[in-house]
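Have a look at the model first, then read on.

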Amino acid sequence: MKRRIEVNEAVLDQERMILKAMPFGENDLNGLTAKGQMLVDSDQLAFIYIMDNNEDFIYTNLPAEVWPQLKTALDSGIPVDLNVNGLTIELTDIHDELSYLLENIKDNANYGEEMEKKVVEAFGLND
């Protein structure tokens with residue numbers, strides 16, 4: 001099972017969206033970089049941003065609770081940073097990746113009815 005950084009809060013700070021995460025194993029953060037790739041976890045109703053620490057991929061869990069803030073960041077084009085254990089890393093390509101996933105999830109039952117419904121609501125994809 002992949003290890004996950006659990007985001008539990010998102011705040012707007014000086015034209016950047018800061019995703020704050022629960023404490024994570026210190027050694028796992030050495031050399032941590034953003035991969036610029038995202039996945040969908042329909043079971044957990046979350047988006048997953050992939051990180052790399054030169055040894056393994058580490059998933060950053062973006063639960064539905066922070067989707068309104070992600071929508072704000074996406075709509076305004078502001079950078080999104082992950083803050084975990086005092087370390088801040090910009091999540092590169094998150095706007096492109098998220099836009100791509102949103103486009104794929106809308107009207108697509110393959111992601112599960114509940115995931116599609118939540119995404120459409122949170123990101124205002126009803127149009």
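H1 and H3 are oblique to each other in this predicted model, because their axes cross at roughly 50 degrees (under 35 degrees counts as roughly parallel, over 145 as roughly antiparallel, 65 to 115 as roughly perpendicular and the rest as oblique). The model is predicted, so to speak of local features requires pLDDT of at least 70 and side-chain atom pairs count only at pLDDT 80 or more, while totals for chains, interfaces and linings use all residues. Residues are numbered from 1 along each chain as its sequence is written, and side-chain values use heavy atoms, with hydrogens and water left out.

**H1 with H3**
- Helix H1 covers residues 67-76 and helix H3 residues 113-123, and their axes come within 9 Å (axes are lines fitted to C-alpha atoms, for helices over the stretch in contact, with angles from 0 to 180 degrees between N-to-C directions; helices are DSSP runs of H or I with at least four residues, numbered from the N terminus).
- The crossing of H1 past H3 is right-handed (the near helix is turned clockwise from the far one by less than a right angle; anticlockwise is left-handed).
- Trp 67, Leu 70 and Lys 71 of H1 make the contact with Met 115, Lys 118, Val 119, Ala 122 and Phe 123 of H3 (contact means heavy atoms within 4.5 Å).
- These contact residues comprise six nonpolar, no polar and two charged (Ala, Val, Leu, Ile, Met, Phe, Trp, Tyr, Cys and Pro are nonpolar, Asp, Glu, Lys and Arg charged, and the others, Gly among them, polar).

**H2 with H3**
- The axes of H2 and H3 come within 10 Å and cross at roughly 125 degrees, which makes H2 oblique to H3.
- H2 passes H3 with left-handed geometry.
- On the H2 side the contact involves Leu 98, Leu 102 and Ile 105, and on the H3 side Met 115, Glu 116, Val 119 and Phe 123.
- Six nonpolar residues, no polar ones and one charged residue form this contact.

**H1 with H2**
- Here the axes come within 10 Å and cross at roughly 110 degrees, so H1 is roughly perpendicular to H2.
- The H1 crossing over H2 is left-handed.
- Leu 70, Ala 73 and Leu 74 of H1 meet Ile 94, His 95, Leu 98, Ser 99 and Leu 102 of H2.
- That contact divides into six nonpolar, two polar and no charged residues.

- The largest cavity has a volume of about 40 Å³ (the space filled by probe spheres set on the points).
- Its lining consists of Leu 70, Ala 73, Leu 74, Val 80, Ile 94, His 95 and Leu 98.
- H1 and helix H2 (94-105) each give two or more residues to that lining.

Key
On a 1 Å grid over the protein atoms alone, a cavity is a set of points where a 1.4 Å probe fits but cannot get out, and a pocket is an open set with protein on both sides within 12 Å along at least five of seven lines; lining residues have an atom within 4 Å of a point.
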